[in-house]
Amino acid sequence: MKMRSVTTLLLLLCSSFVYAQELKLWYNQPAVKWTEALPVGNGRIGAMVFGGIEKEHIQFNEETLWTGGPRNYNRPGAYQYLDTLRQLLFHGDQAAAEALAEKAFMGLKSNEDAKESWVSKMKASNSNDYPENAWKTMKVPSYDGWEAVGFDGLDGAVWLRRTFELSAAEAAKELVLDLNRIRDEDFTYVNGKLVGSRNNTDPRKYKVPAGVLHAGTNTVAVLVLNFTDKGGITGYKDTSRHIGLYLPDQSIPLVSLHGQWKYYIVNDEPPAVGKYQANYLPFGDIFLTFNHTGTVQNYKRSLDLSTATANVTYNVDGTTYAREYLVSQPDKVLAMHLTASRKGAISTVVRLGSSHRAIIKTDAKQSIVKITFKVREGVLTASSTLFVKATGGKVKVLGDSIEIQQADAATIYVAAATSYVNYSDCSGKPEVACQQAIRAVSGKTFEQVKAAHIREYQPYFNTFAINFGTAANDTLPTDTRITRFTQAADAPFVALYMQYARYLLISASRQGTQPANLQGIWNDQMSPPWGSKYTTNINLEMNYWPAELLNLSPMQEPLFHMIDELMVTGHNTAQAYYNAPGWVLHHNTDLWRGTAPINASNHGIWVAGAAWLCQHLWEHYLFTQDTAFLRRRAYPAMKQAAEFFNAYLVKDPATGWLVSGPSNSPEHGGLVMGPTMDHQIIRNLFKDVIAAGKVLGVDKDFGEILTEKYKRIAPNQIGKYGQLQEWLTDSDDPQDKHRHVSHLWGLYPGNEINMEETPELVNAARQSLLFRGDAATGWSLAWKINFWARFKDAEHAYKMIGMLLTPASSGAGSYPNLFDAHPPFQIDGNFGGAAGMAEMLLQSHTRYIDILPALPAEIPDGTVKGICARGGFVIDMEWKKGVLENLKVRSKAGQPLVLRYKGKVMELATTENGVYCFNGQLEKI
């Protein structure tokens, strides 16, 4: 009887878990900085909610708004220099190889022919040519450019002018005008005399010639030419160091020029700067202005991960105000709903704006504001429509704004679209798309829109659940929990972080959209870091590391669609640069699917991007066992990538091994032959193509060719310090703390370095990681969590989690909204961190499914539902006091099941959709 009761209890535990953790980020104050605002999105439209009281700000993006346009990225005939580059590198002349590659082997930049003519015209302008009443004021300097002081989107020719007073004695002295850095080019005048001009990043310290200064009022005027990115007089990062007039060798200025300068914009349409690839752009901003006259109490701002909605509530003089925000995939709009506990209490002015030069149109009858614009450095056109719907009260259009007066409730809908159709077609009709979306939603209540939104979202989000118990910090706001994470036990915060990453992936990467870029779909800068594009030497791939493991397989569809397109453009690059079949992808791509080398020859020529992306195709098959996908989608891309490397690999004259090159170990060590990471990725590709061919029963002859080539590729090597060599030669520096740890790719996300088959390489990889150290950028910290999980070193992995969840005040960690800090913000660290946390709970990269392989003491109790393993298995499990209690496995494809927990192995044949339950000793129940 007692045994029957125990068995019944275990079966009940096997069939259901209780998940009570609140899945919310929340705060007691509005956001001030963008990295404090809360993200919402539907894969296409992303928005950041600040939650202001008197003035609300919602900044939004549309995923296809980029600079650039369809064009040829490839340098014709570059392949003619391939053999010369290889010979230079084989003979050790890296400098000559990089110089040649810079000249003859990089991709083509976008057109910049008009620059010289424009500069000549701007230089001819004179600050005295413009009427005094046309000049306005600007704060100078601004280290982050004039964009940071209210001039976002400003590029062009701008006069900056400032007067200052000198006594006769001071005017007679030899003085230096120190403006430090100016972005980009300057022509600097003192009292009408040109004292200096530069077009670089060097400090502007100009000697003022004798006789130029005089007693009384003097004038400094600077013509600033800014083509892109940050502009203006940026001065010093240390703001205590002033720009101004200095006596030679003095550190305190005789005259400080900090403060308000007058400015006049001569021309704000500079020619487009030649760029290797395009930038992802912000779209617009929505501002709501309120007029609360009483004291604000009980403020709360939150993001509910379970419903993908953001909320703001507060009380003013007994009236509770509430706002709810979501981005609906079914209805294709950003929606905001305003309510209050008192009738007639909703009064606000709503304005739609943009950093782009937008044309604003209003429709008073329809309560609509529209903006349209063309991207300045590109071909795309864009449109957004804002529509207001109120219950009670009045709605009036006032110029470029809409005023809501004394309504009981109000809903604001925003649609946004561009003319992008695909990477070679920009013929879309954005105004029509917005009109259709607004027309479709105008007849619905907010409750209907919200219900449809949740019905579409939750089938993705609810495939996985996790609970790490309770902690004292559970009741604290999110920003406080980040601050205190390393000071007190807060395992539930780790579970929340994992679910937040899943939320971000669903919100940034839906079927039918673009893949998540460096910032997902959220960007507020006209010149974002690294263009907010797709860096393919780790960052794009890291975005999708948790997709299969954390049961979000459908979210990879945009990545797979990108691969379909990159196969086309990458084939052209393979021919232009390597005279080879198949397709290749270097270390970046963008909306227009550029695949050529970019930036600089010492790091831009890296050839393994296509092969790495193909790993995601094969992993999708391993997790889902979807042979139709393998045959139709994955195998063609994998085979063509392998065809490229079959032709590309070359014999190293010193060792006889086949090696990759010219290439680099990402962003480290310059242009070389034979970086370890390349070889690991190429071996992995060959192995996967061979295995896929066997599954599909095709290409036996090609598989045999790859098998022979595989054996000849330069192997992983252990160096003189016991480290895994990063390069073909034993030249690693034990003091090297570089952020990339690329030669450990074979450990993670690859699997050729593992404890079962290559324990000596595992030890060498561990030594390399110890040399490299723990401190790193945000995404690198995330990668290291995965490494330590694969080493099954639970405590070191958890230490890295603590570093990832450190407040990002001046270095890597997490911002208040839990965005990952490189710094600046890069979303890959969120995804890579969540993947590493999951690897601590389950691993399936060898023949075993390892249960709790790196469970730290800091997470003694937990339940997980819906974590996935290769072979087509979905697993639920529970542990207490660090010991497994029970386990449930669903076999989607009927593959053999091999479980391992604390050294015990359990093997079982399964049937398709069979469910199997086990106790903590892996005994079937």
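Q: Is Met-122 buried or exposed?
A: Buried means under 20% relative accessible area, exposed over 50%, and partly exposed in between, with a 1.4 Å probe and protein chains only. Met-122 has 8% relative accessibility, so it counts as buried. Keep in mind that this is a predicted model: local features need pLDDT of at least 70, side-chain atom pairs count only at pLDDT 80 or more, and totals for chains, interfaces and linings use all residues. Residues are numbered from 1 along each chain as its sequence is written, and side-chain values use heavy atoms, with hydrogens and water left out.

Q: Where does Met-122 sit, and which residues does Met-122 touch?
A: Helices (H or I, at least four residues) and strands (E, at least two) are DSSP runs, numbered from the N terminus. Met-122 is in helix 4 (residues 115-123). Contact means heavy atoms within 4.5 Å. Leaving aside residues up to four places away in sequence, Met-122 touches Ala-157, Leu-223, Leu-225, Val-266 and Asn-267.

Q: What is the relative accessibility of Ala-547, and where does Ala-547 lie?
A: Ala-547 is part of helix 11 (residues 545-549). Its relative accessibility is 0%, so Ala-547 counts as buried. Beyond residues up to four places away in sequence, Ala-547 touches Leu-505, Leu-552, Ser-553 and Gln-556. Ala-547 and Ala-501 are 46 residues apart in sequence, and their C-alpha atoms lie 9.9 Å apart in space.

Q: How many of the residues of helix 19 are buried?
A: Apply the burial cut-off along the whole element. Eight of the eleven residues of helix 19 (residues 794-804) are buried, so the helix is largely enclosed by the rest of the structure. Among them are His-796, Tyr-798, Met-800 and Leu-804. The buried residues pack against helix 9 (491-508), helix 18, strand 35 (813-814), strand 36 (820-821) and helix 20 (828-841).

Q: How many aromatic pairs are there?
A: Rings of Phe, Tyr and Trp (its six-membered ring) pair if their centres lie within 6.5 Å; planes under 30 degrees apart count as stacked, over 60 as edge-to-face and the rest as tilted. By this rule, there are 40 aromatic pairs. Take Tyr-314 and Tyr-321: their ring centres are 5.6 Å apart and their planes meet at 25 degrees, so the pair is stacked. Tyr-314 is buried, at 2% relative accessibility. Tyr-321 is buried too, at 10%. Trp-783 and Phe-787 make a tilted pair, 5.1 Å centre to centre with 35 degrees between the planes.

Q: Where do Trp-783 and Phe-787 lie?
A: Both are in helix 18 (residues 778-790), four residues apart, about one turn of the helix.

Q: Which residues do ring pairs link into a cluster?
A: Phe-105, Tyr-577, Tyr-578, Phe-644, Phe-645 and Tyr-648 are linked this way.

Q: How many helices and strands does the protein chain have?
A: The protein chain has 20 helices and 44 strands. The radius of gyration is taken over C-alpha atoms; the globule rule is 2.2 Å times the number of residues to the power 0.38. Here the radius of gyration is 30 Å, close to the 29 Å the rule gives for 925 residues, so the chain is as compact as a globular protein of that length. Of the 925 residues, 60% count as buried.

Q: What share of contacts joins residues at least 24 apart?
A: Count contacts between residues at least 6 apart in sequence. In the protein chain, 69% of those contacts join residues at least 24 apart.
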